[in-house]
Structure formats: structure tokens, C-alpha cells
Amino acid sequence: MRTRRRLSPARAAAWTYLALIIFVTVFPFYWILRTALSDNFALMAEPSSVLPVDFTLGAFERVLGLATPEESLAAGGSGASLELGPYLVNSIVYATVSTALIVFFSTIAAYAFARLQWRGRDLVFSLFLSALMVPGILTLLPNFVLVKELGLLNTFAGMILPGALFSAFNIFFLRQFMLGLSTETEEAALLDGAGRLRVLFRITLPMSSGPVITLSILGFIGMWNDYFWPLLVTSDETVQPLTLALAVFKQSSPQSQPDWAGLMAATLVAALPMLVLFMVFGRRIVNSIGFTGLK
Amino acid sequence: MSLSTAGAAPKRPPATGPKRPPRRPAANSPAHRGDGWLAWILIAPAMIGFLVFAVYPTLRGVYLSFTEFRVLTPPTWIGLENFREMFADSVFWSSLGVTVYFVVIAVSLTMIVSIATAAVLHRITESTVIRGLIILPFLISTVVAATVWSWMLDTQLGIVNVVVQAFGGDGVQFLTSREWAIPSVAFIHVWKNMGYTAIIIFAGLQTIPPQVYEAGRIDGAGESKMFFRLTLPLLRPILALVLVLNVIGAFQMFDIVSVTTKGGPANASNVLQMYIYSKAFGQFDFGYASAMSLSLFAILIIITFLQMRLLRANESETD
């Protein structure tokens, strides 16, 4: 099927369809950039301009806290000072720590399920898998109450802990991978008197680096974009991630004349790390999504 | 993460790798001496997480559904009172209706567009770059997606309305009118999720051996006939999985509504998750919110079960 290269009407239609889909998918990203680089008042006059209207970096200065409140108001900002800096740091902390912990804890648990012989192993494994059946909807409210009772509201610990210890999917995914690995090297090392932990960290873990990196990337994307859970357990800029800052900024904009340029600049700041991640790991991300779907 | 795979687990028996050594003798062999305590140390963090943040909240969520609970005072048992209130609550029923309306539009559009996109991709290009472009919306936060689209769908200045008016149409109040709110939110949802779904289906298409199509072609089947007679039936397991995941995800949609419409205008986009959130955190009625969560969970289980059954029944017919 790949050998037929002539452009039949069907192929032309297929390419047209694909071009349309790609246009609808990519256009909003361009529109973010175009709006963020525009002057907010000029936007009102020329809503259809394809290029930035009155090109300016003012919107970025507003959302990064480089402009004074007066300047910001004068440029059509909400006046409510928005400095994305602290939120950016919070997002980095939240996504990095959560991802590192959950991938590490999942890896060592997966090793115990894949390689060690112990009573109750299969039972515990199926119990863990049953957790996949329960959607977040049922655990969100009680987890909020629990975090509140632990006195961890509005802390990184409260935000991170519930998702940092246990992931049925990660454990399942890594265990399956480890079961498929050859045990020869490990057994040789064990015969040479290496301890189990040494084997785990020196042999099994490096051999599993592929799926570990895949899960880390997917986990990081998920945490970076997380909104609902931080919304429940955080209340100020000391811990709130970017997604919340963005939502608050959007809602605090006056209804009549929102600072669309500022909003789009903030949106770009929130999306940029993911776009960079995509530039670096694009192929791996695309392939791993197909793979996780099949697993 | 766990959500995106919720449907995957039950189908798979606790797989036993071929390389696993036989159980009894190995457990006593020198290599496995001391495995027991080490294993428990290694799974301890996961076990704590499982018990404290999955099992306990689930049981507690069920318990709270039968209580009057306003967070500041301890819960008091009120039996089925919350559920009785729910049955009489017109907002709950309208929320359920709005949610179903949203799920039907969002999921059917996502499925149709992503199957079409995956099939077209599979037929005409192997390019990872194109697949990468299609998956871009998956990488960004739903909050970002919702913010951009609320700008593009803005009634006065949004580019979509500017284009509509340029073609002589009237400005549409996409996110601020009763009739358009849910379709617009559903569109944003589809925009955000279509690529991800398409890539999973694409990966499924790649597992179909080319010989199948060669055989079909020899039998004189055309493209569309092969698509409906070969591709779709062979893809059924993956399509079933993707469908179930999409339905579960759509039923719990919250972020888009939270950013764009807040459930309005006049509850027109007040999906269940939004209503639960406002009951819990707007009115601190945690007992009632828990009861609604439990009901939504029950609905999800029933729908998932029905979907699995229906799709599996079809499968055995063709085999």
C-alpha cells in the first residue's frame, strides 16, 4: 500500500482532510503567540489581523512582573498584579518531585513483583490492579478531607503525597517489562554474591531505563498540567502551580475588556516547558502513547 | 495516568511471564532466601499509598455518602437521606442530563474524528512529525486549551466569530448562550483529546498485518469495504478500550467548564463534576457531594460493564 505513489482523488481527499485536522490542531498555538505579541488595545481594533497587532513584548512584561501596576493598567492589564515567576517554580517543584517519587517507588515495587519470591505476591498484585477500576471522582473528596485532617492543606506535601506513593499503572507497566527481560545477568551477579538491592539498582534498573524514562515523561506532563487536585488543596501563591494562576488570572479579568494579550502571554509561559519537552522527546512521546494504549 | 488506563486492567489476567521460575522449589532455593522481607520493604511505599490514598478514601467516600458532613463538624449518619434529596433535586437531574449530552457529543466526535485521522495517517504517511503535530494538544494543560479557545470563541473579538461574520453570519455566543455552551465545551474537549486517541488507534492499526489487506485486495474489495469489513472488526478490542476510557474521562470532565463557563449560563453547562465541586466547596455539603460522587461512580461502572458486554458480544459473532 505504501508503494502506490500516484495522487489519486482519494489520496488527495485524504491529504486535504489531514491538512484540515492539522490546521485546526496547530492554529490555536499560533494564535496564542500572535495575541501575546500584540498590544491589547490594538487587538480590539484589528481582531482579524493574522500578524501581531502593534508588536510589543508588553504582555510578557506584565505577566512576568516586569511592569509596574500602573503600566500594566495603562496597557489594558487587569491591574491585579500577576507574577508568574513563583507559580512557575511551584509547578516545577510539584511536577518534578511527584514524578521522581512515583517512578522510583513504582520501580522498586515492580521489581518485587517481577523478581522476588514471596508469599501473597499474586494476591497483593491483583489488589493493586483493582485500584485501576476506581476513578478519581470517588477518592478526590475523601482525600481532600484526609489531607485537611493531616494539616497539610496548602503545602507541597499535601499536594504531592497522595499521588507520589502508589500508581497501579506504573507498577503494572514496569513489572510486565521486567518479566520480559532476560534474567541471565542478574543471576550471574547473584551467584557472584551480589545482594538483591545491588542487582536491582546496578542491573535491572539500567536495563529498564527505556520504560522508566517513558513513564517519567508521561508522568511529568500529567503533573504539570494537573488542575483539579491542586485547586482543592491549595489556596495561595506559595504552593499553587501555573495552571491555577492561569485560571485565576482568567477569572479576575474584567468581563468587558479582558487582557487577552496578557492572558495569552501567560498561557504561553504555562505551555512552553511542555513544547520544549516535545521538541526534545517528541518521537519518544508519540511512540510511547501508542504503546501505553496497546498495553 | 490511572484514569487513562482504567479499562485496561480487568481484561488482563495477572499475567505470568514464561520466565518465572516454578514457585515452591524456587522459594526455598538459596537465591531466593530472604526475598520475603526485602519484597515487603520494596513494596512498602506503594502499599502505604494504596491503603492510605486509595482504599481508605474509597471506603470513606462510600461512608460519607450516608452522612451529613460539613467538614468542620464530624459526620453524622443519616442513612439514605442524601440519596432521597438527590432524587428530588432538579439541579442534579439537569446536571446529569447536561453531562450525558456532553458525553454523547464529545465521545462520538472524538471517536469518529480520531478513527478517521488514524486511518488516513495509516494509509498516506509514516511521518512522526505529523503524528507529533496531531498530539500537541495532549501536551498542554486543559486550562491552557480552555483559555485559548475562550479567546478564540469570544463573542466580540474571537477569531472564529470574526470569520463567521466575514462570511455574512451572525456572531455566535459560543460560551455564553444556553444552546451553544455544551457544544462549545465539547468541541474544546475533542480538540484536546482527539490526537491522543488517534495515536492509540494508529498504533493499533500498525499491528494489523499487511497481508490481511493484500488478501482483501485480491478478493476485489475496495478501500471503503476493507475499512468496514477488515479494519474496524480487527480493531475492535482497541476501539472498545479507547471508547470506554473516553466515556469515563468525559463523564468526569471539569477543567474546561471550570475555566470557561463555570457551569453557566443558568446551569446550561453545569456538568455533574462541576455540581459536585460547587456543593462540596461552595456550600461545604460534603455528605451530599459524596453521595453524588458515589452515584456517578455507579453510573460509570454500569456503562463500562454494558460497553464491554456489547462490544465483546459483537466480537464473538465475527470470529
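A salt bridge is taken here as a side-chain nitrogen of Lys or Arg within 4 Å of a carboxyl oxygen of Asp or Glu. In this predicted model, local features need pLDDT of at least 70 and side-chain atom pairs count only at pLDDT 80 or more, while totals for chains, interfaces and linings use all residues. Residues are numbered from 1 along each chain as its sequence is written, chains are lettered from A and ligands numbered from 1 in the order in which they are written, and side-chain values use heavy atoms, with hydrogens and water left out.

Two salt bridges are found across the interface of chain B and chain A. In a salt bridge, the side chains of Arg196(A) and Asp35(B) meet at 3.6 Å, N to O.

Turning to the interface as a whole, contact (heavy atoms within 4.5 Å) involves 107 residues from chain A and 111 residues from chain B. The buried area, meaning the accessible area (1.4 Å probe) lost on putting two parts together and summed over both, is about 10000 Å², with carbon and sulfur atoms giving 76%. On the chain B side, Phe53(B), Leu139(B) and Trp151(B) lose the most area to chain A, together 8% of what that side buries.
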